[in-house]
Amino acid sequence: MLEPLAFERLPAHAQDLRLQVRSFLDQQLADLPAPRRARSWMGFDEHFSRALAGRGWVGLTLPTRWGGAGLDPYCRFVVVEELLASGAPVSAHWIADRQSGPLIARFGTDVQKQFYLPRICRAQAFFCIGMSEPQSGSDLASIRARATPSGDGWRLSGQKIWTTNAHRSHYMIALVRTSGTAEDRHKGLSQFVIDLKAPGVTVRSIRDLAGDAHFNEVFFDQVELDAHALIGAEGAGWTQVNAELAFERSGPERIYSSMVLLDTWLAHIRARPGGSTREHTVVLIGRILAQLAVLRAMSIGTTARLAAGESPLVESALMKDLGTQFEQDLAQWIADAISADDGFIDNELIETLAYTQQIAPSFSLRGGTREILRGMIARGLGLR
Amino acid sequence: MRALLKESADKRFSGLCTTATLGGIESGAPWATLWAEVEASGFADAWVPESDAGAGLSWYDTHPVLLAAGEYALPVALGPTMLLRAHLARAGLPRVGGPITLATQVQTSPSGAVAARRVPFGRVSDWVALDHQERSWLLPVRSARIIDSRVYASLQADLLWNEWPSDAIDLRQRLPLRESGAAIWVVMMAGAMAAALKRTLTYAGERHQFGRSIGQFQAVQQQLSLMAEHVHAVAMAAEMVCCGSDGPINAALVAMAKARASEAVGVITAIAHGVHGAIGITQEYPLHFLTRRLHEWRMDFGSETYWQQRLGSAFLSSPSTRALDFVLESLSP
């Protein structure tokens, strides 16, 4: 049976980073209003990403010979935790730092590492991930985009959708079919790096319900890829993607998506004249803090497994489902609490709340839907 | 040390806590033999310093023992006995025999009459620790009137003394009985929840309907996954409270853990019973030993709302402006 995660303390060397990151963020974010900060890892600001890279905090875990900081996952946990809790606009370098960099470092050739990793660490190469297609959402093995051998390289045709930041990234790492058909399921899938400026690539933005344009449709029409575009082994795409997903699912971003809303609400409570707080509100604060503390410990526990070189897929799924439920509940609970009486509510809080409420359904969609994750947990429990 | 103690507690408690023994004690059979076996294990003196003939172990070391007490639904107050025996030794007071429980809902009158209400394990203890006039005391249950709660199979009781018992033991200081009780209960709850999950998973694999095991149906899998998520969250809360309990009790950490554990009881017991169907609500099938305790333990020493309120107040009177700062400061053992 699935064993519970062990409780782990963050090592001192990781804790030491916290104050440095925080004072950097205090300077950088002083003028950014709460509704902007609430976007957090959907907030795109390449100047911010470059400033962060200037401090050595992008590509933190990548080897120093490729331009990284060579630090362990605990250090990354602390940096990411501070970035998200502050609502820093980290979207530009986010995918490269979290997934694409580690993927290339693990499965890439030296030529690929030498080209991409230093650029990632300088925040000069932003990445997006091409997984979903119009007919392939949760059922990823059914993807149809296909690369066929062409000269020394490959020729790619097909379509991706819901690709976050495709319109402002330099590269996409896409999962596409290189052999077989949809009936072969996860066999015959491979990962490629695609230069989004290449001829034959068309990117079309899709506006979301909160007025933002972060995700896209991407079309590939006979796009020529050279031999260096293939990441890892041909046909091993599915295995590689799964290794990547443990990184994608277990991090603090699965707890902190509503943190700016939470802290804005807490500031609103503290600022109330007279200082008296409804008992229901006090209870709710306690409920939130209790859940938050446990989720954070679970996230550190998962990080420890990653640091030990494991790929804790089931634990990550469990952690993500619980964490995203918490992020979604926060928006509902706070909406109820601030409207339980007629006191004046600052517009910044209302705007932050409304944004979080509207975007909250995406928390349990991106990175694997709730239903898919629970299926993975059931497998981990030995039920399938 | 942990692995060793886990193995030893599993072996000891699985042998002791059979369906027949648990059912017997819950319906009023004598418990002295069972307690003698628990004493023989040495667990009750685990936290007593070695210089006082104890094992000198820490909370951290003995975590598996308290987990196992919950997992096997041990029908005596082992955790509180460990706590009070260690306190007696450290205070230079003589050791007492027999199991000790904790009472926090206590009324005392100037004449010396004492009423301790809804005392957990009140039916199966020799001593009870409670507060009186700014200090904590051990009162002997043998001189109390034991009023059974009349709740079917419950081990709780009201304990009444018409006058202050002459052989009450002065513990010479006010102990954080409620916080310590809540901390111990969180670990027992984590154990009982893990056992309920294990039992429910086994049942879902064995029970067949529509030509396959019910665990193969997606609707059931989704429920069991949700149950597992909460069981794992409470396991983490229990680890956290355990890692923070050697030394002075950390009230914020206890509040966090008891709030989280109590909050999870509803969903965990509902799914355990839902998956079991009718067999789960029979006397014959041993799920009720776990779920009955979980319902009681959720309320003992304060339910989730009680502890959430304390935690929320602690935040509001702290200098932290951000939730994360408070978590780093007060909820990271």
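In which crossing, left-handed or right-handed, does H6(B) pass H7(B)? The structure examined here is a predicted model, in which local features need pLDDT of at least 70, side-chain atom pairs count only at pLDDT 80 or more, and totals for chains, interfaces and linings use all residues. Residues are numbered from 1 along each chain as its sequence is written, while chains are lettered from A and ligands numbered from 1 in the order in which they are written.

H6(B) passes H7(B) in a left-handed crossing; a crossing has this hand if the near helix is turned anticlockwise from the far one by less than a right angle, and is right-handed if clockwise. Helices (H or I, at least four residues) and strands (E, at least two) are DSSP runs, numbered from the N terminus. The axes of helix H6 (residues 177-206) and helix H7 (residues 218-243) of chain B come within 9 Å and cross at roughly 155 degrees. Axes are lines fitted to C-alpha atoms, for helices over the stretch in contact, and angles run from 0 to 180 degrees between N-to-C directions. The two helices H6(B) and H7(B) are therefore roughly antiparallel to each other, a term for angles over 145 degrees, whereas angles under 35 count as roughly parallel, 65 to 115 as roughly perpendicular and the rest as oblique. Among the residues that make the contact are B:Ala183, B:Met193 and B:Leu201 of H6(B) and B:Val220, B:Ala228 and B:Cys242 of H7(B); residues are in contact if their C-beta atoms, placed from the backbone, lie within 7 Å. By class, the contact of H6(B) with H7(B) holds 21 nonpolar residues, one polar and no charged. Ala, Val, Leu, Ile, Met, Phe, Trp, Tyr, Cys and Pro count as nonpolar, Asp, Glu, Lys and Arg as charged, and the others, Gly among them, as polar.

Chain B also contains an open sheet of four strands in the order E2-E3-E7-E6, with antiparallel pairing. Strands pair if DSSP finds at least two bridges between them. Strand E2 (106-108) and strand E6 (145-148) of chain B are the edge strands, each pairing on one side only. E2(B) is joined by three bridges to strand E3 (residues 114-119) of chain B, and B:Val106 stands opposite B:Ala116 in E3(B). Four bridges link E3(B) with strand E7 (residues 157-161) of chain B, where B:Val114 faces B:Trp161 as its opposite residue. E6(B) and E7(B) are likewise joined by four bridges, and B:Ile146 has B:Leu159 in E7(B) as its bridge partner.

In chain A, the axes of H10(A) and helix H12 (residues 370-380) come within 9 Å and cross at roughly 135 degrees; H10(A) and H12(A) are therefore oblique to each other. Their contact comprises seven nonpolar, one polar and four charged residues. A:Pro312 lies in the loop between helix H9 (279-307) and helix H10 (313-338) of chain A. This residue is buried, with 21 other C-beta atoms within 10 Å (buried denotes 20 or more such atoms, exposed 12 or fewer, and partly exposed in between, with C-beta atoms placed from the backbone). Its C-alpha atom and that of A:Thr302, ten residues apart along the chain, are separated by 7.0 Å.

The contact between the chains takes 41 residues from chain A and 41 residues from chain B. On the side of chain A that touches chain B, H9(A) provides the largest share, 17 residues. That side of chain A divides into 27 nonpolar, six polar and eight charged residues.

Key
Two residues are in contact if their C-beta atoms, placed from the backbone, lie within 7 Å.
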